[in-house]
Amino acid sequence: MECSETRDPSQKDVSEALRASEARFRNIIERNADGILVVSGDGNTLFANQAAANLLNRPAAELVGSYFGLPIIAGETTEIDLPLPRGPHRVAEMRVVETEWEGKPALLASLRDVSDRKRLEDELRQKISELAQADRRKDEFLAMLAHELRNPLAPILSAVHLMRLKGDDPEIRAQMRDVVEEQVRCMARLVDDLLDVSRITRGKIALRLEPTPIKSIVRRAVETTRSLYQAKGHELRVSLPGESAVIWVDPLRLEQVLVNLLANAAKYTDSGGRIELHANLVGGEVVIRVRDDGIGISPEMLDHVFDLFTQVDDSLARSQGGLGIGLTLARNLVRLHGGVLSASSEGLGRGSEFTIRLPHRRAESEPDAQPSSRQKSQNGSGSRRVLIVDDNVAGAESLRLIVKLWGHDCRVVHGGIEALEVVGVFRPDVVVLDIGLPGMDGYAVARSLRASPLSRSVLLIAMTGYGRDEDKARSREAGFDRHLVKPIDLSELEDLLSRGYHEPGAVDRADDADWP
Ligand code: ADP
């Protein structure tokens, strides 16, 4: 029998095919995004792919042959902290199954970095808990609101009843009228606050700014809260800057803020307390502080007292019908004025201080005020015809009052078509145009104005809630001279009205850098 040295060709093919197949599988395992490890029964690492080496922050060659060192149990999924030298803490999920390695039982572990998923899960859990909290606060608020609105009903009903029985007694009639009036006012205040909160959250409150002496606002706020102070025997000290301190504010709104702070100081201070109100002009700011020596606020509640419907548990008994919306409103009203309202307290039982900081714009009526730029304007009288186009009726009306106060002739319309009609009659020098108009939007109105010989050279000012570069570019393309973002800076508008006029070509020449 002949014995040949050459192997059976079919056996060679099989072993080559096996080698190729192993290389393929090794390649798949090596390139797998999950870390893959094989660990022997006595805890030695027998195999580690590149992803496992990356996750465990050790070269694969160093891992293989070394003790694995982590608890590893077949059939279990565990989380392990990854030993990464830099960056935020990361976590991997490890799943373990039984396998075989070179004929012996072993464990196959796959590792996956789940840090991002876990972070999202944590964020989601946090959001759910916040939403549940907000939902609970809203439920509590509705229960409290129902209670507060029902409270005045009993005395009103009793008053009606008494008037029916003793309506011919003028003294009783007068007394009962007072009861009804007082209770209705109390309900109206609650409803007004609620409406204000909802308007503010929808951006629907427009300020009516006017030059106002600080003194008169403080005096009215003190007057409104006087009965609260008297009832609890508090001492109230007020210090104000000089007579001439006049600020540009919406006097009713600032008074509302001060009334809230003074009423809170009275409510959350035990009888016979001392409350101080200091107003100062510091640098470019008006600073008003309301300080009490009452129950104080714990550090963790300091910022939350401004949250909607939030009341500190310990102070509920003293809130006297409050709903936890006063400070939310106050902070937002101060913010609308371009200012900040903050709270500080050295802790429970150690009093509180609320500070309002407002930018101080010099009012024309200040005795030493500079002549306004309007008086220096080019057409002698300085007065311009200004057309305001805004579908927000309250916003347009308050702006009209201010523009009139500056000495200009002002007309208001609430729609684009109306604006184009009025231009022929009113012949404005300046058009202040809201972009978000219903129907024909501000861009279309601007293009029509520029196209008409009657209004080609008006000074065209865009008024909008959007201030991104692309919004400014869009305004410029539509033919606007200026782009003001709401709430608009009134001193800038005043300046524009007094100095500004349309320069043909200026719009095309202006580039993003100097175009406001
Ligand atoms: P209300 O007084 O109607 O509850 P606010 O929004 O005005 O609502 O105040 C929210 C919470 O802030 C109050 O319930 C109270 O717990 C706390 N707070 C406000 N002012 C003071 C203060 N001067 N001293 C201590 N706690 C205060």
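This report walks through the fold of one predicted protein model, from the whole chain down to single residue pairs.

## The model and its numbering

The model is predicted: local features need pLDDT of at least 70, side-chain atom pairs count only at pLDDT 80 or more, and totals for chains, interfaces and linings use all residues. Residues are numbered from 1 along each chain as its sequence is written, and side-chain values use heavy atoms, with hydrogens and water left out.

## The whole chain

The protein chain holds 15 helices and 17 strands. Both are DSSP runs, numbered from the N terminus: helices are H or I with at least four residues, strands are E with at least two. Of the chain's 516 residues, 41% count as buried. Buried means under 20% relative accessible area, exposed means over 50%, and partly exposed lies in between (1.4 Å probe, protein chains only).

A contact means heavy atoms within 4.5 Å.

## The antiparallel sheet

Two strands pair if DSSP finds at least two bridges between them.

Strand β1 (residues 35-40) pairs with β2 in the antiparallel sense over 3 bridges. Leu37 has Ala48 in β2 as its bridge partner.

## The mixed sheet

Another open sheet of 5 strands has the order β7-β9-β10-β12-β11. Its pairing is mixed. β7 (235-239) and β11 stand at the edges; each has a single partner strand, so one side of each is left without a neighbour in the sheet. The twist averages 15° from one strand to the next. Axes are lines fitted to C-alpha atoms, for helices over the stretch in contact, and angles run from 0 to 180 degrees between N-to-C directions.

Is strand β12 mostly covered or mostly open? Mostly covered: 6 of its 8 residues are buried. β10 and β12 run antiparallel, joined by 8 bridges. Val287 stands opposite Arg357 in β12, and Asp292 stands opposite Ser352 in β12. Strand β11 (residues 340-345) also runs antiparallel to β12, with 6 bridges between them. Leu341 has Ile356 in β12 as its bridge partner. β11 and β12 form a hairpin with 6 residues between the strands, where Gly347 takes a positive phi near 130°. Helix α9 lies across β11 and β12 and runs at about 135° to β11.

## Two aromatic pairs

The structure holds 2 aromatic pairs. Rings of Phe, Tyr and Trp (its six-membered ring) pair if their centres lie within 6.5 Å; planes under 30 degrees apart count as stacked, over 60 as edge-to-face and the rest as tilted. Phe47 and Trp101 form a tilted pair, 6.1 Å centre to centre with 35° between the planes. This pair links distant parts of the chain: Phe47 is in strand β2 and Trp101 in strand β4 (residues 91-101), 54 residues apart. Phe47 is buried, at 13% relative accessibility. Trp101 is partly exposed, at 27%.

The rings of Phe306 and Phe354 have centres 6.2 Å apart and planes at 75°, so that pair is edge-to-face. Phe306 sits in the loop between β10 (285-292) and α9 (326-336), while Phe354 is in strand β12 (residues 352-359), 48 residues apart. Phe306 and Phe354 are buried.

## A helix pair

Two packed helices are described by the angle between their axes and the distance between the axes. Helix α12 (residues 442-451) and helix α13 (residues 469-478) pack at an angle of about 30°, with axes 8 Å apart. α12 and α13 are therefore roughly parallel. Angles under 35 degrees count as roughly parallel, over 145 as roughly antiparallel, 65 to 115 as roughly perpendicular and the rest as oblique.

Which residues meet at α12 and α13? Tyr443, Ala446, Arg447 and Arg450 in α12 meet Asp471, Arg474, Ser475 and Ala478 in α13. The residues of this contact divide into 3 nonpolar, 1 polar and 4 charged. Ala, Val, Leu, Ile, Met, Phe, Trp, Tyr, Cys and Pro count as nonpolar, Asp, Glu, Lys and Arg as charged, and the others, Gly among them, as polar.
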